Amino acid sequence: MDDVSRRVELDDTDRRILAELTADGRVSMRVLADRLNLSRAHTYTRVDRLKDSGVIERFTVQVDHGASGLGTSAFIALSIRQDSWRSVSEGLRSMEFVDHFSLLGGDFDVLVLIRTPDNESLRQVVLEGLQSLDGVRATRTWLIFDEDRGGLGRTTPPTER
């Protein structure tokens, strides 16, 4: 099924629910309903619809990577052989310290977000891990000095900003 056929129309209430749950996925339905001025039953119905339609994939935790011992982060761009996306993505899925990766269109083929305890670990991931994956032709590394989230990933609900 393609993305267009799965698309769900969201109204302002849906967007407010998503913002509140993004800020605190553990919020109770009672508190969520109070914040949105909705009944609990209506809030349950809305959240269930968002889950059933796939808009909400799962509830998760936002980790402070520095506090968890993964204070060195980098984006690594990969150039890969045209026929190797599946094998490269399988390797990335199982590789330690890989946080996220995306297939791109442009100068590079894959962008990988790596989070490691230190520079030595980062060096090992790049030189011994990424560059040894079958299909990887070249890598380019950008060390992350600081990071923040945009509006979609904000942890402060819109009502508290």
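These are questions and answers on how the labels used for this predicted model are reached.

Me: What kind of model is this, and how are residues numbered?
Reply: This is a predicted model, where local features need pLDDT of at least 70, side-chain atom pairs count only at pLDDT 80 or more, and totals for chains, interfaces and linings use all residues. Residues are numbered from 1 along each chain as its sequence is written, and side-chain values use heavy atoms, with hydrogens and water left out.

Me: What makes up the secondary structure of the protein?
Reply: Six helices and four strands. Helices (H or I, at least four residues) and strands (E, at least two) are DSSP runs, numbered from the N terminus. From that end, the order is α-α-α-α-β-α-β-β-α-β.

Me: Why is the protein called more spread out than a compact globule?
Reply: The radius of gyration, taken over C-alpha atoms, is set against the globule rule, 2.2 Å times the number of residues to the power 0.38. For 161 residues the rule gives 15 Å, and the protein has 20 Å, well over that, so the protein is more spread out than a compact globule. Its C-alpha atoms fill a box of roughly 55 × 40 × 25 Å along the principal axes.

Me: Why does Val27 count as buried?
Reply: Buried means under 20% relative accessible area, exposed over 50%, and partly exposed in between (1.4 Å probe, protein chains only). Val27 has 11%, so Val27 is buried. Val27 sits in the loop between helix H2 (12–23) and H3. Of the 161 residues of the protein, 30% count as buried.

Me: What does Val27 contact, leaving aside neighbours within four places in sequence?
Reply: Contact means heavy atoms within 4.5 Å. On that basis Val27 is in contact with Leu21, Leu32 and Arg35.

Me: Why is Asn37 called exposed?
Reply: Its relative accessible area is 69%, which is over the cut-off, so Asn37 is exposed. Asn37 is found in the loop between helix H3 (29–36) and helix H4 (40–52).

Me: What is said of the phi of Asn37?
Reply: Asn37 has a positive phi of about 55°, although Asn37 is not a glycine. Phe97 also has a positive phi, about 80°, and is not a glycine. Phe97 lies in the loop between H5 and E2.

Me: How many aromatic pairs does the structure hold?
Reply: Two. Rings of Phe, Tyr and Trp (its six-membered ring) pair if their centres lie within 6.5 Å; planes under 30 degrees apart count as stacked, over 60 as edge-to-face and the rest as tilted.

Me: Why is the pair of Trp85 and Phe101 called edge-to-face?
Reply: The ring centres are 6.1 Å apart, so the rings pair. The planes stand at 65°, so the pair is edge-to-face. Trp85 is in helix H5 (residues 85–94) and Phe101 in strand E2 (residues 98–103), 16 residues apart. Trp85 has 26% relative accessibility and counts as partly exposed.

Me: What makes Phe108 and Trp142 an edge-to-face pair?
Reply: Their ring centres are 5.9 Å apart and their planes are at 90°, so the pair is edge-to-face. Phe108 lies in the loop between E2 and strand E3 (110–116), and Trp142 in strand E4 (residues 136–144), so the pair ties together parts that are 34 residues apart in sequence. Phe108, at 22%, counts as partly exposed. Trp142 is partly exposed too, at 37%.

Me: How do you know that Thr139 is partly exposed?
Reply: Its relative accessible area is 23%, between the cut-offs, so Thr139 is partly exposed. Thr139 has its place in strand E4.

Me: Which residues does Thr139 contact beyond four places in sequence?
Reply: Ile76, Ala77, Leu78, Val126, Leu130 and Gln131. Thr139 and Leu78 are 61 residues apart in sequence and 4.6 Å apart in space, C-alpha to C-alpha.

Me: Where is Leu70, and what does Leu70 touch?
Reply: Leu70 lies in the loop between H4 and strand E1 (72–80). Not counting residues up to four places away in sequence, Leu70 touches His65, Phe97, Arg115, Thr116 and Pro117.
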